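Have the sequence and the 3D view open side by side as you read.

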Amino acid sequence: MKRVSIVGGGIIGLCSAYYLAKEGYEVTVFDQSEMNDGCSYGNAGMIVPSHIIPLAQPGMIAQGMKWMFDSQSPFYVKPRLNADLIKWGLQFYKHANEKHVENCMPALRDLSLLSKELYQDFAKENDSFFYKEKGLLMLYKTDKVANEMFHEAKEAERLGLEVDYLTKEEVSRLEKGTITDVLGGIHYKSDAHLYPQRFMEFIKKELQHLQVEIYSSTSVKDFVFDQNKISKIITSRGTFETDEVVLAAGSWSPTLAKKLGISISILPGKGYSFTLKDENHKPSIPSILCEGKVAVTPMNNDIRFGGTMEITHTNDTKINQNRLQGIVNTINEFYPEMEVEMPKVEDTWYGFRPCTPSGMPIITKDKKVVNLTFATGHAMMGLSLAPATGKIITEIISGKTTSVDTKMFQI
């Protein structure tokens, strides 16, 4: 039985472990954290086939430059003299064009729809994680943003996704949980959502049943090579022999890749979220509050709000109160009945989303290290794309034809 070592115990790593174990591999997962926090737990819980446009797109650089001067803006690049940041920025500029977006959209659609099917399979088995298919509302307050949302929705329709265009009144009739103050909205009917913490609990239990070994609080120190293959992984808990390695370490992937002599361009996009428990007046349908780029997700009796994208570094552990205030202001502008207050620091989550300069995840076999496969760089789409990524990783390692074309998911 082949031994597969997965470096990274977030949702991408655990879904990869699940499908590999199902295929009959002996799987071990290593993660430097206690595996009870991070982006896999604090995210918005959205499964979003609607999100077919990558972060690297026309107009994003100009918009980003404007937002850099607004301390409460939803997107920010923390300026610093750093070679990795300069390299990432140049590659982002190179990718931010119409041709790139046109090539990415079908690939993201196919990966997302596969993930949704796999989540449906999980939910049929055990819906302890509150999987729901209510779609996603893109809510807006201005004509400018309305035009942008209409353009994106038309692209989604062209690619076969079901979309409704709603007036202010139609939004109010659909969203009965609380009052909305909007100009209108786009309802992507293909989207779904779940409670991330509950899903992580579910998948860990599944991995126990499949006899997957999980080493939390275990850092990977180095790798031992036998010619062009990794033969051993040296960790803080000892040395482990291996036949295949999956690198799924999110924002920490570049540091580990350097130990293998490989350069990958990923920067952490810091985001925040907070959750209100047992809220009476709350939205019943997940939404994106477009002007502020705030995600809103009902999770059983709770409601989670998340937002901001700060391109930064993994040592940036301070909570930026101005950006958090920007999230709160946006919520109250769109949902005036809720009267949300600034959360306490101890009730605020932050995490690092691994962002590639192309805006596309990396799901591919390495060209030099023959038993190394990458599963990283999913940015804000980690939860949404995790099951499909895990299935494709298993197909790649097994030498099977992949369920979706992976040519857009290369380094």
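S287 is found in strand β15 (residues 287–289); helices (H or I, at least four residues) and strands (E, at least two) are DSSP runs, numbered from the N terminus. This is a predicted model, where local features need pLDDT of at least 70, side-chain atom pairs count only at pLDDT 80 or more, and totals for chains, interfaces and linings use all residues. Residues are numbered from 1 along each chain as its sequence is written, and side-chain values use heavy atoms, leaving out hydrogens and water.

**Around S287**
- S287 counts as buried because its relative accessibility is 0% (buried: under 20% relative accessible area, exposed: over 50%, partly exposed: in between; 1.4 Å probe, protein chains only).
- Leaving aside neighbours within four places in sequence, the contacts of S287 (heavy atoms within 4.5 Å) include M46, V294 and Y335.

**Aromatic pairs**
- The count comes to 19 aromatic pairs (Phe, Tyr and Trp rings, the six-membered one for Trp, with centres within 6.5 Å; planes under 30 degrees apart are stacked, over 60 edge-to-face, the rest tilted).
- F122 and F199 pair edge-to-face, at 5.6 Å centre to centre and 65° between the planes.
- F122 lies in helix α5 (residues 98–125) and F199 in helix α8 (residues 196–209), so this pair ties together parts 77 residues apart in sequence.
- Both F122 and F199 are buried.
- Ring pairs link Y18, Y19, Y119, F122, F129, F199 and F202 into a cluster.
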